[in-house]
Amino acid sequence: MSETIANKSYIGLSFDDGRIDNFTNVLPVLENLGIPATFNITTGYIDGTLRQENKFCENPPMTIENIIRIADSGIFEIAAHGDQHLNDKKDILFSIEKLHRWGLKFDKIGFASPHHRLTGRMEEIQYLMEELELSYVR
C-alpha cells in the first residue's frame, strides 16, 4: 500500500546566521546521518561588515570557504538571511549578490526573515519574491 504525502510527517531543519559552531558541530552530524538542512546566511556577519547595531551574538562566524563547502555538498541548502540581518529589499538583494560574488551558483534562493519580522500584506511579499526571484520567504 503506497503512502500519500498527507500520511507522512516532515521536519525541516534550519540554522540561522552562519555561526562557526553550526559548521564544526552540527554539519558533521547531519552529514554522517545524511540529514538535509538549510543554512540561512547573514552575509555581513560572514565577511565582517555587519554593523554593531545589527550584531546578534558573540559567536564567531563561518568563513566564506565554509559557506561554499556547504553549498557544494549536494545535501544542504544555503538561503539568504540578509546582509545586515534586516528584512528590507535592499538588504536581501545585497546579501544575494554577495553570495553570487562568493561563487555560489543558484538560479533562485530562499529567504529566511530575520526575527520573523517581515511585514506586509501577502501580495507585497509575493511581489518581493517575484521581483528578487526568491524561491520562498519564511
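## Basis of the values

The structure is a predicted model, in which local features need pLDDT of at least 70 and side-chain atom pairs count only at pLDDT 80 or more, while totals for chains, interfaces and linings use all residues. Residues are numbered from 1 along each chain as its sequence is written, and side-chain values use heavy atoms, with hydrogens and water left out.

## The nonpolar core

The largest nonpolar core contains 29 residues. Such a core is a set of buried Ala, Val, Leu, Ile, Met, Phe, Trp, Tyr and Cys residues joined through side-chain atoms within 4.5 Å; buried means under 20% relative accessible area, with a 1.4 Å probe and protein chains only. Phe39, Ile67, Ile70, Ile78, Leu99 and Leu134 have the most contacts inside this core. Among the elements that each supply at least two of its residues are helix H1 (20-33), strand S3 (76-80) and helix H4 (89-101). Helices (H or I, at least four residues) and strands (E, at least two) are DSSP runs, numbered from the N terminus.

Isoleucine 78 touches, among others, Phe39, Ile67, Ile70 and Leu99, not counting residues up to four places away in sequence. Contact means heavy atoms within 4.5 Å.

## Helix H3

The buried residues of H3 are Asn66, Ile67 and Ile70. They lie on the same side of H3 because they cover an arc of only 100 degrees around the axis, taken from the directions from the helix axis to the C-beta atoms. Their cover includes H1, S2, H2, S3 and H4.

## Leucine 132

Leucine 132 belongs to helix H5 (residues 122-132) and is buried, with a relative accessible area of 11%. Leucine 132 touches Lys89, Ile92 and Leu93, not counting residues up to four places away in sequence. Isoleucine 92 is 40 residues apart from leucine 132 along the chain, and their C-alpha atoms are separated by 8.4 Å.

Note on methods: Buried < 20%, exposed > 50% of the residue type's maximum accessible area, 1.4 Å probe, protein only.
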